[in-house]
Amino acid sequence: MYKYIFWDLDGTITQSEFGILNSVKYALDNMGIKDYDMEKLKVFIGPPLIDSFRNNFNMEEKEAVRAVELYRECYKAGEVYNCPLYDGVKETIKALYEKGYKQYVVTSKPLHFAKIIVEYHGLLDYFEDVIGPGLGIATYTKIDYMRDTIKLTVGGDLSKANLAEYVMVGDRKFDIEAANANKIDSVGVLYGYGSRKELETEGATYIIEKPGDLLDLV
């Protein structure tokens with residue numbers, strides 16, 4: 001049914017909250033912001049950092065840019081590796097690779113860090129490519145990265161793509177929204193950071209409870 005499988009990274013392949021939240025805390029602390037709830041900081045998992053700092057702490061552009069710089073200072077010092085794989089996800093990705101599926105990571109995480117993480121977990125050989133933003137302030141959305149990935153699979157000519165051959169796997173509404181905007185199917189995962197209600201509301205084509213369920217689905 002499908003030929004190409006796109007994977008979100010944070011909350012779908014990796015349990016990324018540990019490194020992300022520690023780095024957000026570092027940024028806020030160093031900006032003199034102390035009044036926050038660690039549990040509520042989970043809203044930083046998924047969207048672009050700059051948007052999360054703006055929207056959740058009412059930061060002006062200059063402040064948000066500085067917060068992102070502080071975040072990355074902490075993240076690249078070691079927190080980038082603080083993201084264990086979900087149980088069964090490596091086995092699932094490997095099995096899909098062996099069955100001949102073409103897999104891509106499509107993420108809003110900066111490409112530099114995304115590739116470090118994928119390689120650190122021994123997954124790089126199972127993916128055709130890792131797609132994400134540069135280290136600058138991203139103006140693209142996941143919709144754009146997904147469209148570019150589809151184009152990549154057909155040599156740059158989007159009109160040649162058979163959209164029925166593509167599916168996006170992710171845990172948040174941003175993944176489902178991007179799939180819908182690009183007119184491809186989506187699989188929402190319940191083991192990540194989104195809820196069933198969020199995934200259903202956004203219109204996920206399928207919803208699964210654990211990584212291995214994807215093998216039966218495709």
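Analyst: The protein is built from nine helices and six strands (DSSP runs, H or I of at least four residues for helices and E of at least two for strands, numbered from the N terminus). Its radius of gyration, taken over C-alpha atoms, is 17 Å, close to the 17 Å that the globule rule gives for 218 residues, so the protein is as compact as a globular protein of that length; the rule is 2.2 Å times the number of residues to the power 0.38. This is a predicted model, in which local features need pLDDT of at least 70 and side-chain atom pairs pLDDT 80 or more, while totals for chains, interfaces and linings use all residues. Residues are numbered from 1 along each chain as its sequence is written, and side-chain values use heavy atoms, without hydrogens and water.

R172 sits in the loop that links strand 4 (166-170) to helix 7 (173-181). Its relative accessibility is 13%, so R172 counts as buried (under 20% relative accessible area, with a 1.4 Å probe and protein chains only). Leaving aside residues up to four places away in sequence, R172 touches I45, Y193, G194, E198 and L199 (heavy atoms within 4.5 Å). With I45, a polar atom of the R172 side chain lies 3.1 Å from the backbone oxygen.

Methods
Buried means under 20% relative accessible area, exposed over 50%, partly exposed in between (1.4 Å probe, protein chains only). A polar contact is a pair of N or O atoms within 3.5 Å; within protein, one must be able to donate a hydrogen and the other to accept it, and residues adjacent in sequence count only if both atoms are side-chain atoms.
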